[in-house]
Amino acid sequence: MGHSPAEEIVGYINRHLFDDLSLQILANHFFLSTSQLNRLFRQATGSSVWEYITIKRLMVARGKIKTGTPVITACQECGFHDYSSFYRAYLRRFGNSPKSDAIRVDR
């Protein structure tokens, strides 16, 4: 039994989460227009493609930060190219700054 197109898209995103992803790249890969792709994805998941990618990346970054990875390193390893947009997205998603989730090494 085959997967639905939305399941295929989610699987592809999950396998390539930290690669350069864009709506256009995904649309080209799945032979859809960007609006078709986003509509199909939103119907299946309740979020836009970009919201999904950002949330998944933020969750992984937060896990890395909480286990001792430096904030800047986690930001870069999780596909964010711009620290200020990472910081704003992190704050919006989790209600606190990335540094406040970092492991404290005081002594």
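A polar contact is taken as a pair of N or O atoms within 3.5 Å; within protein, one must be able to donate a hydrogen and the other to accept it, and residues adjacent in sequence count only if both atoms are side-chain atoms. The model is predicted, with local features requiring pLDDT of at least 70 and side-chain atom pairs pLDDT 80 or more, whereas totals for chains, interfaces and linings use all residues. Residues are numbered from 1 along each chain as its sequence is written, and side-chain values use heavy atoms, with hydrogens and water left out.

Arg57 is placed in helix α4 (residues 49-66), helices being DSSP runs of H or I of at least four residues, numbered from the N terminus. A polar atom of the Arg57 side chain lies 3.2 Å from the backbone oxygen of Gly79. Arg57 is buried but has no salt bridge, and Asp20, the nearest side chain of opposite charge, is 6.0 Å away. Here, buried denotes under 20% relative accessible area, exposed over 50%, and partly exposed in between (1.4 Å probe, protein chains only); Lys and Arg count as positive and Asp and Glu as negative, with His and the chain ends not counted.

A salt bridge requires a side-chain nitrogen of Lys or Arg within 4 Å of a carboxyl oxygen of Asp or Glu, and two are counted by this rule. In one, the side chains of Arg62 and Asp101 meet at 2.9 Å, N to O. Because Arg62 belongs to α4 and Asp101 to α7, this pair ties together parts 39 residues apart in sequence. Glu77 also forms a salt bridge with Lys64, with closest N and O atoms 3.0 Å apart.

Conventions: Helices (H or I, at least four residues) and strands (E, at least two) are DSSP runs, numbered from the N terminus.
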